Amino acid sequence: MSHHPFAVTLAIIVRAGDRFLMVEEWQQGQIRFNQPAGHLEPGESLLAGAQRELLEETGLAIPLEQAVAIYQFEAPDNGTHFVRFTFCAEVPAPLATRPQDPDDDIIRCHWLTLEEIEALGSQLRSPMILASFRDYLAGQRFPLSALKQQS
């Protein structure tokens, strides 16, 4: 049995009308675009981790309403296996953002249409980004109550 790195990540779809919140960031010396997202930290619940990442990367503290889907993905470059929990929230109009990222990898946030996001192509950090937007727009959801944390 091969032992590849394994990561649990959290991503948040934030919708304002026909626009979605995207984060422009440095990744290994290149500019990439992602949904607000990051790694689950030890001892943290999935929901708390998602809200922390959203706050750090965008400055927004908004309630997450539902979860969209859970994705499994193996990175082709290094074999890292990702399990990505994607959450969602809606706001009436695009909000001002102020990244508070302690790692300082975030360049800025953007409110983009799906067409603008699709046009980013290879600048998208992961194939799960477009997959999750399509699932979200198709109405895929599950309740936050389905996420159980045992102390």
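Gln35 sits in the loop between β3 (30–34) and β4 (37–39); helices (H or I, at least four residues) and strands (E, at least two) are DSSP runs, numbered from the N terminus. The structure is a predicted model, in which local features need pLDDT of at least 70 and side-chain atom pairs count only at pLDDT 80 or more, while totals for chains, interfaces and linings use all residues. Residues are numbered from 1 along each chain as its sequence is written, and side-chain values use heavy atoms, with hydrogens and water left out.

**Gln35**

- Gln35 is buried, its relative accessible area being 0%; buried means under 20% relative accessible area, exposed over 50%, and partly exposed in between (1.4 Å probe, protein chains only).
- A polar contact of 2.9 Å links the side chain of Gln35 to the side chain of Ser132. The term denotes a pair of N or O atoms within 3.5 Å; within protein, one must be able to donate a hydrogen and the other to accept it, and residues adjacent in sequence count only if both atoms are side-chain atoms.
- Not counting residues up to four places away in sequence, Gln35 touches Ala11, Ile12, Ile13, Leu21, Met22, Val23, Glu57, Arg84, Ile129, Ser132 and Phe133, where contact means heavy atoms within 4.5 Å.

**Val14**

- Val14 belongs to strand β1 (residues 6–16) and is buried, with a relative accessible area of 0%.
- Residues touched by Val14, not counting those up to four places away in sequence, are Arg19, Phe20, Leu21, Leu54, Ile62, Ala89, Val91 and Trp111.
- Between Val14 and Ser122 the separation is 108 residues in sequence and 22 Å in space, C-alpha to C-alpha.

**Aromatic pairs**

- Rings of Phe, Tyr and Trp (its six-membered ring) pair if their centres lie within 6.5 Å; planes under 30 degrees apart count as stacked, over 60 as edge-to-face and the rest as tilted. By this rule there are two aromatic pairs.
- The ring centres of Phe20 and Phe133 are 4.7 Å apart and the planes stand at 55°, so this pair is tilted. Phe20 lies in strand β2 (residues 19–27) and Phe133 in helix α3 (residues 128–137), so the pair ties together parts 113 residues apart in sequence. Phe20 and Phe133 are both buried.
- For Phe20 and Tyr136, centres 6.0 Å apart and planes at 85° make the pair edge-to-face. This pair ties together parts 116 residues apart in sequence, because Phe20 lies in strand β2 and Tyr136 in helix α3. Tyr136 is buried, as is Phe20.
- Phe20, Phe133 and Tyr136 form one aromatic cluster.
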